Amino acid sequence: MAIEVKIPPMGESITSGVLAKWHVQDGDLVAKDQPLFELETDKITSEGTAESAGRISLKVAAGTEVKIGEVVAAIDETALAAAAPAAPVAATAPLASAHAESPAVRRLAAETGVDPAGVAGSGKAGRVTKGDMLAAAEARPAAPAAPATPAPAAPAVGAAPRAERQTRTKMTKLRQTIASRLVHAQHEAAMLTTFNECDMSAVMALRARYQDDFVKKHGVKLGFMSFFTKAVVHALREVPGVNARIDGDTVVQNHYYDISMAVSTDKGLMVPVIRECDRLGMAEIEKAIAEAAKKAREGRIALTDLEGGVFTITNGGIFGSMLSTPILNAPQSAILGLHAINERPVAVNGQVVIRPMMYLALSYDHRLVDGREAVTFLVKVKQAIEDPARLLIGA
Amino acid sequence: MSSYDLLVIGAGPGGYVCAFRAAQLGLKVALVDKRATLGGTCLNVGCIPSKALLHSSEHFAFARGHAAAHGLKLGSVDLDLPALLRRKDEVVAKNVGGLALLAKARKVAVLQGEAAFVAAGTVAVKGATETVEVTARNVVIATGSAPVELPFMKFDGKAVVSSDQAIAFAAVPRRLVVVGGGAIGLELGSVWSRLGSEVTVVEFLPKIVAAYDDDIVRNFSRLLAKQGLRLETGAKVTGFASGVLTAERGAEKLAFPADQVLVAVGRRPYTDGLGLERIGVALDERKRVKVDAQLRTSVPGVWAIGDVVAGPMLAHKAEEDGAAVAEWIAGKAGHINWDLVPAIVYTDPEVASVGLGEDAAKAAGREVRVGKFNFAANGRAIAADATDGYVKIIADAKTDRILGAQILGRGAGELISEVVTHMEYGGSAEDLGRTIHAHPTMSEAIKEAGLAVSKSAIHAL
């Protein structure tokens, strides 16, 4: 009997995606739970697995837009019994490929790594010609090298034409979504950024003092993020206008504190949400962040993990940023940008002293948040970081 | 009065293909021709009879000139011209008879007579005994072409003839002068030269078969001269009187004694007596029927195909026109690629071409790479005594896409098809080189020429 392989439900707002890659070939014998395909949706990339074992026949080509619930393959369970003891594997490439590509196209595909399936064909009925492949290969000349390869020495001037020193790759669905959302946020909101700086001495002292005990007890390091998360929750309570958003002609005021945390992954930026931060302890926040980051980097993150945040914290400091103006994570109304901690001379009580300083940036939607609110909010964050006792006593 | 979905005027390769295709698609079709047989010029007095003559005369030339080298002692080899012409007639009869059977099986009404428009959708067909009027929702003009006559040297059917008579001389002319070094002149010139005529070809242009690349023409001319054809190029014919054809090359006066003169300077679109002016079908400056990209004339419901419209006057081009028009009339997606019409001169060796030549490509400023391969390095050609000539592939220097091909060699006309197919699919020279060709065949020269574009031919340096 043949079992249909369908695109699994991904969450309410997701109705379609792109079947980015097949891990199996048409006619392969597959085992139960074997990964079959990679699905890219607006938000995440996930894997589809085999529900049963058998011989698979693929119904859609890689790169096809598919709907949730769409049948993309069938697995013939009866084929398993009938399967010969491992069919002899041809030493060379299969004789008949799925696409009838010309021999020169096949050679270029093998040599350059350009997949003809992703090349727009100029030949009869859209067939890919050698010229199309050469153009695609020229547009993407770099061999698929290990990403860790050190940057090549600057090429000699005039060594190669410009096009050979450029690389063109199709944007992933995730990157396209990030791009359109960022542009959307910039077009939609009246975005403005306010700055401040904070002295990290107190937080650093606390970390130094309690780190060992903290790790021993919770199995996770006490980082800066839990301090900032708590400081943000504290400031949101003080300035509720920042914990709101515009929905058409309505202002939606949030009375909860789900904070989005920007995480950089090799596939792009992900912003998982840490729920109910007002009720979590420092250790719980650290653990939740670590877990979300791990899931995001492994591509295991679920849509529900990305939805419903009220405010975002992004830390460009881990890459050494001195100062930047973050873009809103729509439909939220504000985002806090953290930066690098650098020792700088500052004046304290009439004395020039060296302190570990960090610049803070708060981008906000001026349609909803007034300058007074935004500046107050950021000052509250600064004060809580410079004097964490405020978090305890709520001042 | 009979009424049809489609009436096709002219039953040549364009017309009958159009009629047959339309009938296949379910239309009610009538096909008119003034000849008693179908097939038009091509099957009755053109391509097919000339090929029969070329084939027979090749055997004769082989038997006389080359058989001994193959160890064949044939004794005396004599020509029986009536028998040779009879065979040619049988070849024609077989071809046109086949068409009649197909027309009947496809329920295409065949009307014999001369057609003339009465109105846009009404055509009078004047037969031997009566004139009938036929109405049709669509009419296709497929009346073809006729030999061009020189005004100072009109056809008389005896001394000054067209190809119509030159396929049926009752005796081999002692001295034949051919005016015009194109395909028709060279093919029929070759036939009579092989059968014993002293043949002189007089061409107005500086080279024969002017559409081909210079190097191909140079080699082709040399090979024809070796066979005994005298080629006089750059010569303007001035007249024919008292058995002497006169011509001028600049200030030089030329005189060629001739028993018969074949005028083969080209063909003109044939629309005589059709009454196109009556319904207002527009013609261009060369008296060709004006058509749009879908072969529609200026009169709605009236179409035109083949030699009567602009484009190469070739049977296979007319056939494509005819099939496409039938499909368009039936509401389907007809397709013609006028950029890829192969052309062939059926001499020995043959010359064949498709697409852009090297000269034309360079004149157009295109950057090309050219791969050549000589039949002298092809095993089958050596075994078959067919080492004259070469294959030439012209490819885009950047994309390697095949832009054209020219082949000089035995059977070039059969070999060219492969290149046309590759081109139709956007193939590159490398694709030719990476496609398996059976060994030993002359076609391996195509593969090698494809490889030669990237300087990687195996059997050439």
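User: In which sense do strand β9 and strand β10 of chain B pair, and over how many bridges?

Analyst: First, a note on the source. This is a predicted model: local features need pLDDT of at least 70, side-chain atom pairs count only at pLDDT 80 or more, and totals for chains, interfaces and linings use all residues. Residues are numbered from 1 along each chain as its sequence is written, while chains are lettered from A and ligands numbered from 1 in the order in which they are written.

Now the strands. β9 (residues 175-179) and β10 (residues 198-202) of chain B pair in the parallel sense, over five bridges. Strands pair if DSSP finds at least two bridges between them. Five bridges meet that. V177(B) stands opposite T200(B) in β10(B).

User: Why are β8 and β11 of chain B said to stand at the edges?

Analyst: The sheet is open, with five strands in the order β8-β15-β9-β10-β11 of chain B and parallel pairing. β8 (160-161) and β11 (230-232) each have a single partner strand, so one side of each is left without a neighbour in the sheet. Helix α6 (residues 183-194) of chain B lies across β9, β10 and β15 (260-263), at about 165 degrees to β10(B).

User: Which strands stand at the edges of the four-stranded sheet in chain A?

Analyst: That open sheet has the order β1-β8-β6-β3 of chain A, with antiparallel pairing. β1 (2-6) and β3 (29-30) have a single partner strand each, so one side of each lacks a neighbour in the sheet. β3(A) pairs with β6 (residues 54-58) of chain A over two bridges. In β6(A), R55(A) is the bridge partner of L29(A).

User: Why are α2(A) and α3(A) called roughly parallel?

Analyst: Helix α2 (residues 103-112) and helix α3 (residues 130-139) of chain A pack at about 15 degrees, with axes 9 Å apart. Axes are lines fitted to C-alpha atoms, for helices over the stretch in contact, and angles run from 0 to 180 degrees between N-to-C directions. Under 35 degrees counts as roughly parallel, over 145 as roughly antiparallel, 65 to 115 as roughly perpendicular, and the rest as oblique. The pair is therefore roughly parallel.

User: Which residues of α2(A) and α3(A) meet?

Analyst: A104(A), V105(A), L108(A), A109(A) and T112(A) of α2(A) meet K130(A), M133(A), L134(A) and A137(A) of α3(A). Contact requires C-beta atoms, placed from the backbone, to lie within 7 Å. By class, these residues are seven nonpolar, one polar and one charged. Ala, Val, Leu, Ile, Met, Phe, Trp, Tyr, Cys and Pro count as nonpolar, Asp, Glu, Lys and Arg as charged, and the others, Gly among them, as polar.

User: What makes a residue of α3(A) buried, and which ones are?

Analyst: A buried residue has 20 or more other C-beta atoms within 10 Å of its own; 12 or fewer is exposed, in between is partly exposed, and C-beta atoms are placed from the backbone. In α3(A), the buried residues are K130(A), G131(A), D132(A), M133(A), L134(A) and A136(A). They pack against α2 of chain A, together with β21 (390-396) and α13 (429-433) of chain B. Of the 395 residues of chain A, 31% count as buried.

Note on methods
Two residues are in contact if their C-beta atoms, placed from the backbone, lie within 7 Å.
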